[in-house]
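Please read the following points alongside the model; they concern the pocket and the ligand.

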Amino acid sequence: MTADPPVRLALAEDADDIAAMSRELIERGLPWTWRASRVLRAIQAADTNVAVARVDSELIGFGIMEYLEADAYLALFAVRTARQRQGIGSLLLGWLEESARAAGAERIRVEARRDNVAARSFYNELGYHEVAIRRGRYSDGVDGVVLEKWLRIRPAPDAGSP
Ligand SMILES: CC(C)(COP(=O)(O)OP(=O)(O)OC[C@H]1O[C@@H](n2cnc3c(N)ncnc32)[C@H](O)[C@@H]1OP(=O)(O)O)[C@@H](O)C(=O)NCCC(=O)NCCS
């Protein structure tokens, strides 16, 4: 059995690898918006958590989560192709969810391309529900699917007095 790779907050020196992985796995064929300078700003931002998993100095996965009042938004998330389907995505997302809970977030939102079957299956498997379609959301015309997961049980709506 192999031990889980450690997950930790990203450091400035992780920015280049994260940007390269974003270009390769998320923004392939699209304008490259998450360049190293933007990733570095996210690493340094007080309202953003950037988590990384590294094995033998190789970046194998990362996630960028932004906090917006009671909501957290998973802006970018990927696991290196050769390391997929080994539970690393689940580990990383679990780590980010714990951090979001600790920060007081009530809900996590994420958006995936409608044609990204792997990501939609992954988020569904981890308890995210598809709540909206955003037509033509991506620059190549593909729709976006908005998913969300509640971290706290919502109080039942007031049923009113008898
Ligand atoms: C989506 C992604 C992060 C999943 O990471 P991962 O490390 O492979 O995920 P896990 O191994 O933790 O998978 C957990 C479960 O999710 C589901 N899942 C993951 N990848 C899947 C796939 N390609 N097809 C169907 N289901 C999948 C499975 O139920 C899986 O459990 P199983 O392997 O026991 O069947 C990874 O495929 C990825 O980086 N894709 C490219 C970048 C991307 O699309 N990012 C998301 C942008 S919104």
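1. For the classes used here, Ala, Val, Leu, Ile, Met, Phe, Trp, Tyr, Cys and Pro count as nonpolar, Asp, Glu, Lys and Arg as charged, and the others, Gly among them, as polar. On that basis the lining of the largest pocket divides into 20 nonpolar, 10 polar and 10 charged residues.

2. This is a predicted model, in which local features need pLDDT of at least 70 and side-chain atom pairs count only at pLDDT 80 or more, while totals for chains, interfaces and linings use all residues. Residues are numbered from 1 along each chain as its sequence is written, and side-chain values use heavy atoms, with hydrogens and water left out.

3. Of its 40 lining residues, L25, I26, F77, N116 and A119 are the closest to the centre.

4. The ligand takes up the space of the largest pocket, where a molecule counts as sitting in a pocket if more than half of its atoms lie within 2 Å of the grid points. Among the 19 residues around the ligand, F77, R85, G89, S90 and N116 come nearest.

5. Oxygen atoms of the ligand lie 2.7 Å from a side-chain N or O atom of N116, 2.8 Å from a polar backbone atom of R85 and 2.8 Å from a backbone N or O atom of V79.

Notes: On a 1 Å grid over the protein atoms alone, a cavity is a set of points where a 1.4 Å probe fits but cannot get out, and a pocket is an open set with protein on both sides within 12 Å along at least five of seven lines; lining residues have an atom within 4 Å of a point. A residue is near a molecule or strand if one of its heavy atoms lies within 4 Å of it. A polar contact is a pair of N or O atoms within 3.5 Å; within protein, one must be able to donate a hydrogen and the other to accept it, and residues adjacent in sequence count only if both atoms are side-chain atoms.
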